[in-house]
Amino acid sequence: MPRIDFYILAADTTEARTHFCCRLATKAWRDGHRVFIRTDSEATADAIDALLWTAQPSSFIPHGRQSHDGETPIVIDTAPQPGDLLINLAQDMPEDWQQRQRIAEIITANPEIRDAGRQRYREYHRAGKKPHTHDIADQEHA
């Protein structure tokens, strides 16, 4: 069963959530993880894809929208893709969550995001997992 981490952001914007997602994915990749960023819309996937191209002008963060060969270190998609770390930006539970090593849920102060996150927290708990929570007050040091 995977380790589940909820990152609770003080901000309520989509931008704060996507920026934190990119920082978390980059750190995980540098630590040797294969990352799947699950979104619930093509628009969100496109925004994260674009942000990863520009997030660090002095370095390249290898990523793609799909991993046909299973070798892309960071994959952004709405459909399941390989990766030991799943960053869930969708509003529902990932169907394959039990097959992952780690799951990261990024929650903002936006009421819709927060309420959906609370529901997923309860679902993980009912499945026998005790998610870890991290309050992220300062976005720049996350």
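**Exercise 1. Find which residues R38 touches, leaving out those up to four places away in sequence.**

Step 1. Contact here means heavy atoms within 4.5 Å. With residues up to four places away in sequence not counted, R38 touches D77, L86, I87, N88, L89, A90, D92, M93 and P94.

Step 2. Helices (H or I, at least four residues) and strands (E, at least two) are DSSP runs, numbered from the N terminus.

Step 3. Look for a polar partner. The side chain of R38 makes a polar contact with that of D92 at 2.8 Å. Such a contact is a pair of N or O atoms within 3.5 Å; within protein, one must be able to donate a hydrogen and the other to accept it, and residues adjacent in sequence count only if both atoms are side-chain atoms.

A word on the model: it is predicted, so local features need pLDDT of at least 70 and side-chain atom pairs count only at pLDDT 80 or more, while totals for chains, interfaces and linings use all residues. Residues are numbered from 1 along each chain as its sequence is written, and side-chain values use heavy atoms, with hydrogens and water left out.

**Exercise 2. Decide whether R38 counts as buried or exposed.**

Step 1. Buried means under 20% relative accessible area, exposed over 50%, and partly exposed in between (1.4 Å probe, protein chains only).

Step 2. R38 has 12% relative accessibility, so this residue counts as buried.

**Exercise 3. Work out how β2 pairs with β3 and with β4.**

Step 1. Two strands pair if DSSP finds at least two bridges between them.

Step 2. Four bridges link β2 and β3 in the parallel sense; here F36 stands opposite V75.

Step 3. β2 and β4 also run parallel, joined by four bridges, and L86 is the partner of F36 in β4.

**Exercise 4. Check the length of helix α1 (residues 14-30).**

Step 1. The expected span is 1.5 Å times one less than the number of residues.

Step 2. For the 17 residues of α1 this gives 24 Å, and the end C-alpha atoms are 24 Å apart, which agrees.

Step 3. Just past the helix, G32 takes a positive phi of about 95°.
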